[in-house]
Amino acid sequence: MRHVFVYGTLLPGEVRWHHLAPFVIGDGTADQVGGTLFDTGLGYPGARFDEAMGTIHGRCFELVADTVDRALMTLDEVEGAVEGLYRRRRIQTQAGLEAWAYEHGDAVATRAWVPIPGGCWLSHRPSP
């Protein structure tokens, strides 16, 4: 699988984009997935994809074929998957692409967070 769906600080122009940028082909495409996007109150969003309600807006990027493993290792580290904060999982986007995406690993923590109306981090995020 060579696609990654991002919805928060890994988006172009956001604070963690520089971690993803070297591994992608092109500008990606706007896409959506089912789930809930939350404001963590920490300057970055959290997502739950297993929730049947809501839509999460983001971008889907194709990864350069010979760097997929390195890209995923880098993103696992950046997203805290190594420590269990987020977990990488397979999703299917509204456009029908199978992609990797990062879901918050603690469903209990998300209960205290505020869902982001409309599911779009770029429309919601606090000003820098």
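C60 is buried, with a relative accessible area of 3%; buried here means under 20% relative accessible area, exposed over 50% and partly exposed in between, using a 1.4 Å probe and protein chains only. This is a predicted model, where local features need pLDDT of at least 70 and side-chain atom pairs count only at pLDDT 80 or more, while totals for chains, interfaces and linings use all residues. Residues are numbered from 1 along each chain as its sequence is written, and side-chain values use heavy atoms, leaving out hydrogens and water.

**The cysteines**
- A disulfide is counted when two cysteine sulfur atoms lie within 2.5 Å, and by that rule the count comes to zero.
- C60 is in no disulfide, as the nearest cysteine sulfur, that of C120, sits 16 Å away.
- Seen from C120, that 16 Å to the sulfur of C60 is too far for a bond.
- C120 is partly exposed, with a relative accessible area of 22%.

**Helix α2**
- Helices (H or I, at least four residues) and strands (E, at least two) are DSSP runs, numbered from the N terminus.
- Helix α2 covers residues 68-78, and its buried residues are V68, A71, L72, L75, D76 and V78.
- Those residues share one side of α2 because they cover an arc of only 165° around the axis, the arc being that of the directions from the helix axis to the C-beta atoms.
- As a general rule, an α-helix has 3.6 residues a turn, so residues three or four places apart point the same way.
- Look at the other side of α2 and you'll find D69, R70 and M73 exposed.
- The cover over the buried residues of α2 includes β1 (3-6), α1 (17-20), β5 (55-63), β6 (86-92) and β7 (98-104).
- Just after α2 comes G80, with a positive phi of about 80°.

**The nonpolar core**
- A nonpolar core is a set of buried Ala, Val, Leu, Ile, Met, Phe, Trp, Tyr and Cys residues joined through side-chain atoms within 4.5 Å.
- The largest one has 29 residues, and V4, F5, Y7, L20, F49, I56 and L63 touch the most other members.
- Two or more residues each come from β1, β2 (24-34), β5, α2, β6 and β7.
- Take L63: its contacts (heavy atoms within 4.5 Å) include V4, L20, V68, A71 and L72, not counting residues up to four places away in sequence.

**E103, tucked into a strand**
- E103 belongs to strand β7 and is buried, with a relative accessible area of 0%.
- The side chain of E103 reaches the backbone nitrogen of F49 at 2.7 Å.
- Leaving out residues up to four places away in sequence, E103 touches A47, R48, F49, D50, L85, Y86, R87 and R89.

**A three-stranded sheet**
- Strands β4, β3 and β8 line up in that order as an open sheet with antiparallel pairing; two strands pair if DSSP finds at least two bridges between them.
- β4 and β8 (114-115) are the edge strands, each pairing on one side only.
- Four bridges join β3 (residues 36-39) to β4, and two join β3 to β8.
- F38 has bridge partners in both neighbours: G46 in β4 and P115 in β8.
- β3 and β4 make a hairpin with five residues between them, and G41 in the turn has a positive phi of about 80°.
- Strand β4 (residues 45-48) is covered on both faces, with P45 and A47 buried on one side and G46 and R48 buried on the other.

Terms used:
A polar contact is a pair of N or O atoms within 3.5 Å; within protein, one must be able to donate a hydrogen and the other to accept it, and residues adjacent in sequence count only if both atoms are side-chain atoms.
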